[in-house]
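Please have the sequence and the coordinates open.

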Amino acid sequence: IALFVISLGSLFIVFRNRKSIQEFFGNLPSHKKRGLTALGVSIIMYILYTLFGDVLVEWTYPFNPTLTQWMYIKFIYYLKPVLWIFVVFIMIAACLFLIGRKRKWNTQVYKRSFGFLMSFAFSWILLELSLRTLGLFASYAEIRFGEYSSPYDIVIYDGGRSVFVLKADTHYVHKSPEFSFDRYTNSMGFVDREFSTEKPLGCRRILCFGDSFTEGDGAPVDSAYPVLLEHALHAIDSSTLWEVWNVGLCGSDPIFNYITYEELLRTFEADFIIQTISENDIRDDFVIRGGMNRYNSEGELTIESPVWWEAIYANSHVVRLFLHYLGGYDYTLMTKKTRQKRLAQAVGHTQSIIDQWQNTCIIDNRKLLFVLLPMKENVFNESWSNEMTSIKDYLSTQYNDTLHIDLLPDYKEYCHRDGLSVYYWPQDGHHTSRGYLMMAESIAKHLSTRLQP
């Protein structure tokens, strides 16, 4: 509102003094006219971006949320980098102008310098927009939300020992160009009912830990796999009161899950704990965040970007083109050599948290089950990666196949019958409602022989 009032005031002043401005502008050399014109256009574009980027969304969202969301994502994705390029090149133009004044350049030198600069800026913008349209270097966050989000930024809400939970009693929306679903958190920051410390009489309680595939990203809240698993268990054994809690959160991983259990949920009565493990946990989360070494001695998170130039990478796909093909960096901002080293460490972190979970559950007298969860690529290729195969072999040799279930064979059977697109969103890659039903049915089938008292 303030910016809108200032804009109206500025237009009024310009209109009142238009003759004086025209006189002043008409007496300027051509290169100065072009410079002031570029500056004016940039200011107007920034004002439009600020006003319509948020205000227009607020006005139009109630009428057509899907279209508004798509337009906003595209607006941010395309216009924001162009604005940044304009800002950078205006700063360079200002420096050239100051240098020219000091060295007393004539009009021809100014023309050549600014002409080269404008040509370079125009070419850069065209290449930037082309690369963004092709999506060759787009991050997951850009595809889904329209803007870059650093994989090294972890938002913690509890203010204590860096427990990975959401804000309590909050409404938010899971949205992407393909879907939009509401979420409401309870008083502990989980997308589920209110939790009670003690179990009701005759109740068997399961805590489901995991990431977005446990929370249920890509589906309504009542289609998350823990909800569907509770229904499936009631169908298998209706004489028992089943409580299946959804304590998974988007962006979490087995180490954050374990800390959440220790800090928030260990005092709650429970019979069974389910922890999902996927290739995203190993190849992304543990590679980027590390293992327990992500915490310092005070229990605070110390996850830092490995490079100082991430802000430049975030705002330019042209820069990514050179960094990926010439610099050898990938989307985690690591070179191939560094990533291979981190992958080997990630397998070790996974094995370590498996042992830690098992030792804690033995002490707490709770059964534990690791669910090896296939991603869309695993089902398409019908195989696990080398890292995931190592984890599966570790669970088999160390715990005699009693501590885990492998969902890949079940997923292949479902997807061969109905097709991948029935169970996974084509672009986003999360499960659809049918996908979470597949997940719940597969886990329930394996659990039916493991849930004996």
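The buried residues of α10 (buried: under 20% relative accessible area, 1.4 Å probe, protein chains only) pack against α9 (254-265), β5 (272-277), α13, α14 (376-381) and α15. Helices (H or I, at least four residues) and strands (E, at least two) are DSSP runs numbered from the N terminus. The model is predicted: local features need pLDDT of at least 70, side-chain atom pairs count only at pLDDT 80 or more, and totals for chains, interfaces and linings use all residues. Residues are numbered from 1 along each chain as its sequence is written, and side-chain values use heavy atoms, without hydrogens and water.

**Helix α10**
- Eight of the eleven residues of α10 (residues 279-289) are buried, among them Ile282, Phe286, Val287 and Ile288.
- Charged side chains are also in the buried set, including Glu279, Asp281, Asp285 and Arg289.
- Gly290 follows α10 and has a positive phi, near 80 degrees.

**α13 and α15**
- The axes (lines fitted to C-alpha atoms over the stretch in contact) of α13 (residues 336-364) and α15 (residues 386-399) come within 10 Å and cross at roughly 35 degrees.
- In contact (heavy atoms within 4.5 Å) are residues including Leu343, Val347 and Ile354 of α13 and Ile391, Tyr394 and Leu395 of α15.
- By class, this contact has seven nonpolar, four polar and two charged residues.

Technical notes:
Axes are lines fitted to C-alpha atoms, for helices over the stretch in contact, and angles run from 0 to 180 degrees between N-to-C directions. Buried means under 20% relative accessible area, exposed over 50%, partly exposed in between (1.4 Å probe, protein chains only).
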